[in-house]
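Hello,

I am passing this structure on to you, along with some notes on what turned up in it. Have a look at it first, and then read on.

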Amino acid sequence: MQKTADKLYQFSMYIPPMDFTIHQYLLATDPAILFAAGTAQQAASILPEVQKVLGERPLKYVFVSHMESDEVGGIFAIRRAYPNVQVICGRLAARELPGWGYEGAVLAQAGGGTLRDGELDLQFIDYPAEVHDQDGIIAIDRTSGILYSADLFLRYGNGVGQVIDGNWAEEVASIDEARVPVDAKRDALKAALAQVNPSLLAVGHGFCIRCH
């Protein structure tokens, strides 16, 4: 566990053969939110650390960007530890989760939507995730300026506890057809990202980016 920013805790797994890092993040605000459930194994390994940080406070939300095992696979383990947790996800994931047998609370969101609760002020952006170009979402907490970007700004390498400097406009401009293959969806995503001004990109894979 690494403390990446104020109230932001990073849980990471580096896979040397792939030179690839997978992250989850706990934003220990009131209420608290976990960005990415991780795989079932990852969730089981980080839950003691989450509980250590939160103490007696509950984990109210878990954010699922899109339907991949490293985003949603640990959702059952998390709900066992926090039975009242609410999953925030896109509309596709909200339809898919009951088919997995998930019976917890699910809050379906789409780009342009917001959620304000205590210290959290979340704004959602439509994200056409690579897997089957599915309709996912990413989220920025406007209180802290932290944007959870899922797979969007993926970099290879050992990113455990690492934060690099970057230019936000250049990061947005770098989104190409390899990341979002459909031109109209890529253009819409870039236009939406141009309307926000994050101070930190909490990436799903690779190196967090301090934006300038």
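In which strand does Phe124 lie? The answer is β9, which covers residues 120-129. Please keep in mind while you browse that this is a predicted model.

Let me stay with Phe124 for a moment. Its relative accessibility is 1%, and buried means under 20%, so Phe124 counts as buried. Once neighbours within four places in sequence are set aside, Phe124 is in contact with a run of residues from Gln109 and Ala110 through Gly111, Gly112, Gly113, Thr114 and Leu115.

Is Gln123 buried or exposed? At 17% relative accessibility it counts as buried, because the cut-off is under 20%. Its side chain makes a polar contact of 3.4 Å with the side chain of Arg142. Leaving out residues up to four places away in sequence, Gln123 touches Arg142 as well as Gly113, Thr114, Ile138, Ala139, Ile140 and Val196.

Now to the nonpolar cores. In soluble globular proteins, nonpolar side chains tend to be buried together. Here, the largest nonpolar core has 40 residues. Ile33, Phe35, Phe63, Leu152, Phe153, Trp168 and Leu193 have the most contacts inside it. Strand β9 supplies the largest share of this core, with six residues. Another core lies apart from it and has 28 residues, including Tyr9, Ala28, Leu34 and Ile46.

Beyond its neighbours within four places in sequence, Phe35 is in contact with Gln24, Tyr25, Leu27, Phe63, Leu122, Ala139 and Tyr148.

One last stop is Gln10, which you will find in strand β2, residues 8-15. With a relative accessibility of 1%, Gln10 counts as buried. Which side chain does the side chain of Gln10 join through a polar contact of 3.2 Å? That partner is Ser12. Not counting residues up to four places away in sequence, Gln10 touches Met1, Gln2, Thr4, His23, Gln24, Tyr25, Gly159, Val160, Gly161 and Cys208.

Best wishes

Note on methods. Residues are numbered from 1 along each chain as its sequence is written. This is a predicted model: local features need pLDDT of at least 70, side-chain atom pairs count only at pLDDT 80 or more; totals for chains, interfaces and linings use all residues. Side-chain values use heavy atoms; hydrogens and water are left out. Helices (H or I, at least four residues) and strands (E, at least two) are DSSP runs, numbered from the N terminus. Buried means under 20% relative accessible area, exposed over 50%, partly exposed in between (1.4 Å probe, protein chains only). Contact means heavy atoms within 4.5 Å. A nonpolar core is a set of buried Ala, Val, Leu, Ile, Met, Phe, Trp, Tyr and Cys residues joined through side-chain atoms within 4.5 Å. A polar contact is a pair of N or O atoms within 3.5 Å; within protein, one must be able to donate a hydrogen and the other to accept it, and residues adjacent in sequence count only if both atoms are side-chain atoms.
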